[in-house]
Amino acid sequence: MDFEFDNLRLSDFGCMTCNFDSVDVENVSAGSQITFNTTPTHSGKKHLLTSTTYDECLTAEFDICKNMCDTLYKDFEYFTTDEERDIMRWLNGREFREFRLLAPGYEGIYFEGSFNVETVRLGDKILGFHLTLTTNRPFGLQDTKIWEFDLPDGGTYKLYDDSDEIGYIYADMTITCLQAGTLKIQNSMDNRIVQITNCSQGEVITFKHPILTSSLVSHKIMDDFNYAFPKIINTYENRTNIFTFSLPCKCTISYNPIAKVGI
């Protein structure tokens, strides 16, 4: 019955979600609609999968009205023109902003989008609004997960990939080198090596795909990088990522796991 958009709640406006239609049951898209691209073989008797893409972002439509159970608004069934302007100013922006459903099961999940808004009228009275939410992804995201750890002798660190999407996500990673040398980072999930040579003691290296930066202006880091950015990976059977670091370091890893849920 409530949602949060751009740090404001629907209930802050004395409103609730509703349905102005009489149908009680509806099909709601769970998003993540995959396009399967195929090519025919054997005169069309079998089609081979060549690639998959997400061609559409997640969208949702719903209505809002006054919350007549709210004692502050129970005597004001219709919206005034000023209230209409407030709703439009809040929801109908030209930039994507954070949207959260305040409902059981959606804790820690958010979407990024904005609304088109239509008024629902009875004669010249405004009963409510029909909202169309358009997001920038075919799925939602979980709140940022952060791991901070010290490896004074180098070594390994284990983390769990909570993403609903099988595959990988580029991780943001900040590393403070405690020793000079060549930094190598290897993930047990793919054994791929991230390598940077000529690292200095105390140097802070930041991975934020597709950008890599160093705290030392004198270090031409892109010349010493093998262009393999760190990933967090999962398969259907395995979600455990074990990172091995060749140098003593302090490290922070963060990312937003994918949440395949509908609105």
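**Spaces and contacts**

Reply: The largest cavity has a volume of about 60 Å³. Please keep in mind throughout that this is a predicted model.

Me: Which strand gives the largest share of the lining of the largest cavity?

Reply: The residues that line the largest cavity are I185, Q186, N187, D190, R192, V194, F229, P230, K231 and F243. By class, this lining has five nonpolar, two polar and three charged residues. The largest share, three residues, comes from the strand that spans residues 181-187, namely β15.

Me: How much space lies in the second largest pocket?

Reply: The lining of the second largest pocket includes Y110, R137, F139, L141, I169 and Y170, and A171, D172, S254, Y255, N256 and I258 also belong to the lining. The space that lies in the second largest pocket is about 230 Å³.

Me: Which elements give two or more residues to the lining of the second largest pocket?

Reply: The lining residues of the second largest pocket divide into eight nonpolar, two polar and two charged. The elements that give two or more residues to that lining cover 167-170 and 249-255, and they are β13 and β21.

Me: What is the nearest side chain of opposite charge to D161, which is buried yet has no salt bridge?

Reply: D161 is found in the loop between β12 and β13. A salt bridge needs a side-chain nitrogen within 4 Å of a carboxyl oxygen, and the nearest side chain of opposite charge to D161 is 5.5 Å away. That side chain belongs to R239.

Me: How many salt bridges does the structure hold?

Reply: Side chains of opposite charge can pair when their charged atoms come close. In this structure, salt bridges that share partners join D6, E95 and R97 into one network. The number of salt bridges that the structure holds is eleven.

Me: In the salt bridge of R9 with E4, how far apart are the closest N and O atoms?

Reply: R9 is partly exposed, with a relative accessible area of 38%, whereas E4 is buried, with a relative accessible area of 18%. The two form a salt bridge in which the closest N and O atoms are apart by 3.5 Å.

Me: How many residues apart are D162 and K145, a pair that links distant parts of the chain?

Reply: The side chains of D162 and K145 meet in a salt bridge, with an N to O distance of 4.0 Å. D162 is in the loop between β12 and β13, while K145 is in strand β11, and the number of residues that separates the pair is 17.

Me: Is D172, which forms a salt bridge with K208, buried or partly exposed?

Reply: In the salt bridge of D172 with K208, the closest N and O atoms are 2.9 Å apart. This pair links distant parts of the chain, with D172 in strand β14 and K208 in strand β17, 36 residues apart. Buried would mean under 20% relative accessible area, and at 24% relative accessibility D172 counts as partly exposed.

Me: What distance separates the C-alpha atoms of F149 and T252?

Reply: F149 has its place in strand β11, where F149 is buried, with a relative accessible area of 6%. F149 and T252 are 103 residues apart along the chain, and their C-alpha atoms are separated by 6.6 Å.

Key
Residues numbered from 1 in each chain as written. Predicted model: local features only at pLDDT ≥ 70, side-chain atom pairs only at ≥ 80, totals over all residues. Heavy atoms only, no water. 1 Å grid on protein atoms, 1.4 Å probe; cavity = no way out; pocket = protein on both sides within 12 Å on 5 of 7 lines; lining within 4 Å. Points joined across faces, edges and corners; volume = space filled by probe spheres on them. Helix = DSSP H or I, 4+ residues; strand = E, 2+ residues; numbered from the N terminus. Nonpolar A, V, L, I, M, F, W, Y, C, P; charged D, E, K, R; others polar. Buried < 20%, exposed > 50% of the residue type's maximum accessible area, 1.4 Å probe, protein only. Lys, Arg positive; Asp, Glu negative; His and termini not counted.
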